[in-house]
Structures are given as structure tokens and as C-alpha cells.
Amino acid sequence: MTGAAARLDPGVRSDRPVRFLIVGLAVLLLALAGGSASNYSSFVVAQATVSIVPTTNLALHGTNLDGTLTPEGSVTITLDLLVDNPSSRVLRLRLLAFSEWVEDGPALAGLNESRRIQDDRLVDENGTRYFYRAFGESTEVAGDTIDACSRASFAFMYTLTNASNSIRFGVVRNITDYWASTKGEATAGTWISWVRVQLAIEGVPVASSPSAAAYVFALGTIERREGINLAAPP
Amino acid sequence: MQLRLNFGPRFRWMLKGTSLAAFLGLALGYTVFCSIFPNVSVPAEGEASVARILGLLAAAGVLAGLGTDDLPTGVLQGFSIDSVRPRNRVCVGHLAGPQGFLEVRADDIFPFIVRLGLPIYLSALPIYLVTCIVGMVLRERLGLRSASFLGAGSLARRK
């Protein structure tokens, strides 16, 4: 039915309600697209701007008068982790990996050949230096959050004793003894630390299917690494 | 004296067709974004819901069909979405790569590209064509006519 006959037909109605529906859905889609873009931008800002500043403090407890460790002593490292979050997203600390190496003086001096072979190496302008991994911890951290546009500080303590790991403690004791005898201070050797932190962005639904794309999982996670990882393959 | 803009019928036809094509393009762009980044979109989901995506495309197609006057316009609208595809790809799909916060490994490139909305781009045109025709059939059944058409009718009646 076309033309004047159609226009005069009483069954013919205006399509104005349909237009309103289209405009309504278009506005809804624009709002959703705008919200998605804003959400996405906040993720990008978080991924790009979040930073960490780790600082370590080394302390030897249970020492002799010359500063060397006794068999009942302990090596304690306090890791202060400052997380700066300038983004509008709330972050949650999820994973913390920490390693600390001490320069293996006895191995460098040729006093312990087997350890020199196993040690991690650092090649610099002075040649190859040998480091023993005194601490190597990876822990899942739950519950600690960093609010939007704020900084948060976390403290973690790592202790090495004869009871917790006798082999490592024995080696560290040997190395600190060497530095105490050669440099006059047990902690005079170079200590190198490496920190890897995984922060989860709050409010991100997690894909349940194992076939989900890897980047879908990566989007909600911020990973930061600081320091030198001597255990990393060259 | 009242100033009144009086566009020609051809211009109005083009404006209406372009508006509906833009509406379909908006729906397509949003669904592509949802399919690529389901956990970042609003509303956020763990994984993209195929039913939601197809439902949204179909709803947009039916509504566009309800607002379309004739079949050639409907088909033209469906095909004109092609012009927004490259922009969608650049603006949405490839956004994450150059920003450098997503690392795509060599063995991930193919699935990454496939997931960049390609299935939706491929299926959008037939979905839009079919649902647009469904909408136009409904429009005919409900006897819906545009305001300009009815305006012309009342003018004819007055004469």
C-alpha cells in the first residue's frame, strides 16, 4: 500500500515511538561506550603509572664481638615496599617475589671452587663477580590494598637462621666471616636485591575459561620488577 | 517572520539513512569492544557473552529496520557499516598494542587478531541485513510511516 491511499488508511501510524526507541538505545550505547572507554583509560593509566620503590635493610643478629655470625645467629632483611598509585583504580597486592644475593668473596678469592661454579654471576667493567643467593622467596600476599591516587607502604621481613635453612645459613656465615676478616665488617660485601610485585586491579572480573586469551588475564594485573635479577638467564 | 529550514526530501533521506547507519556502527563498535576487552567494558564480564553480543546486534538491526522506509535504504545502511570497520579496528582493536602494556607473543598473534572482532565484523553484515528486513516487515505490519510521509498525507487530505 503506497501513495495517497496509504496516507488516508486509518491503520497507518507515525513511527515516532520507534525513533524514540532508536534514540534511547543510541544514548544507552553511547553511555556504555563512554563508560567502557573511561574504564579502559583508567586501566591504561594504572598500567603505565604505578611504580614501586623497594628498600632493604640488612641486620645480623647473634654475632660475635668481631661482628661475625654465631651458629645461633640470624640474618634479617627488612623489605620496605612503597607503592605509588596515581591512577583512579584501587590495587591489591597479590604476589611478592624477593631475592637477595651477597657477593661471594671466598669464591672470588678461589677459596671455594664448587660454589664459584654454582654462583650467579654479574659481569661489569671490573670483570666477573660472583654472588650467592641468600634469599629467594615468592609469596602470595592477600588483603593489602592501595587506594586510588595514593601511596602505600608495606614491610616484609625475611629471616635466615640455621634452623630455617642450614645450608644457606652456613654459606652466608662463611661469606660474612670472609668479609669480616678481609674488610673488617661482616656486611661489607655487596648485597644485591631484586623484587617482583604483582598488583591486581580491583573490580576486574576474572575469566573462568582456560581458553580465554592471555591478554584478558594480563589486563587486570600490573607487574613491576626492581633491582637486578642475577638468576635470570642472560 | 519565522525562519524555517526546509531540507529537500533527498537530503532528509540521506540524513536519516546516515543516522541509522551511524546507530548500527555504534552498536557494532561497542560489541566489538566488549568481545575484545570483556573485563574492561561496561558492564564488565569475565568473558565475552556471545548471546549478549548477538542480541544487541539483532536488537539494533530490528530497530533500524523499524525506522527504515524502504529495502534499498536498509541494505545500503547495512553495507555502509563497512566504512566504520577500519576505524573501529584502529581505535579499539589495535589500541592496546602500541600503548605497550600488552605483550603479545608470537604464538598469540593469530588468536589475538582473530579475537580482534573479526568474527563479529564478518557476522554483523548478515545479521544486520536479516534483522533489518525483519524490522521492515514489522514496520509494514504495524503500518508505521514517517512523519514526513504522514505530513504529506494530511496536506493531501486538506487539498
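Let's start with the sheet in chain A: 3 strands form an open sheet in the order S2-S3-S8, and the pairing is antiparallel. Strands here are DSSP runs of E with at least two residues, helices are runs of H or I with at least four, and both are numbered from the N terminus. Two strands count as paired if DSSP finds at least two bridges between them. At the edges sit strand S2 (51-63) and strand S8 (150-161) of chain A, each pairing on one side only. From one strand to the next, the twist averages 15 degrees.

Before I go on, a word on what you are looking at. This is a predicted model, where local features need pLDDT of at least 70 and side-chain atom pairs count only at pLDDT 80 or more, while totals for chains, interfaces and linings use all residues. Residues are numbered from 1 along each chain as its sequence is written, and chains are lettered from A and ligands numbered from 1 in the order in which they are written.

Back to the strands. How many bridges join S2(A) to S3(A)? There are 12, and the two strands run antiparallel. They form a hairpin with 5 residues between them, and A:Gly67 in the turn has a positive phi of about 95 degrees. A:Thr63 stands opposite A:Leu69 in S3(A). On to the other pair: strand S3 (residues 69-85) of chain A is joined to S8(A) by 12 bridges, again antiparallel. There, A:Leu82 stands opposite A:Ser153 in S8(A).

Something also packs on this sheet: helix H5 (residues 166-183) of chain A, which touches S2, S3 and S8 of chain A and whose direction makes about 90 degrees with that of S8(A). Touching means that the C-beta atoms of two residues, placed from the backbone, lie within 7 Å. For angles, axes are lines fitted to C-alpha atoms, for helices over the stretch in contact, and the values run from 0 to 180 degrees between N-to-C directions.

Now let's step back to chain A overall. It is divided into domain 1 (3-40) and domain 2 (51-227), with bounds that come from an automatic or database domain assignment. The C-alpha centres of these two domains of chain A lie 60 Å apart.

Next, helices. Where does chain A meet helix H2 of chain B? Helix H2 (residues 16-49) of chain A packs against H2(B) at an angle of about 145 degrees, with the axes 9 Å apart. The contact is made by A:Val18, A:Leu21, A:Ile22 and A:Leu25 on one side and B:Ala60, B:Leu63 and B:Leu66 on the other.

Within chain B, helix H2 (residues 50-66) packs with helix H7 (residues 118-142) at an angle of about 40 degrees, their axes 6 Å apart. H2(B) and H7(B) are therefore oblique to each other; angles under 35 degrees count as roughly parallel, over 145 as roughly antiparallel, 65 to 115 as roughly perpendicular and the rest as oblique.

Let me finish with two backbone details. Most residues other than glycine have a negative phi, and most peptide bonds are trans. What is phi of A:Cys149? It is near 50 degrees, a positive value in a residue other than glycine, and A:Cys149 lies in the loop between strand S7 (145-146) and S8 of chain A. In chain B, the peptide bond from B:Val42 to B:Pro43 is cis, with omega near -5 degrees. You can find B:Pro43 in the loop between helix H1 (9-36) and H2 of chain B.
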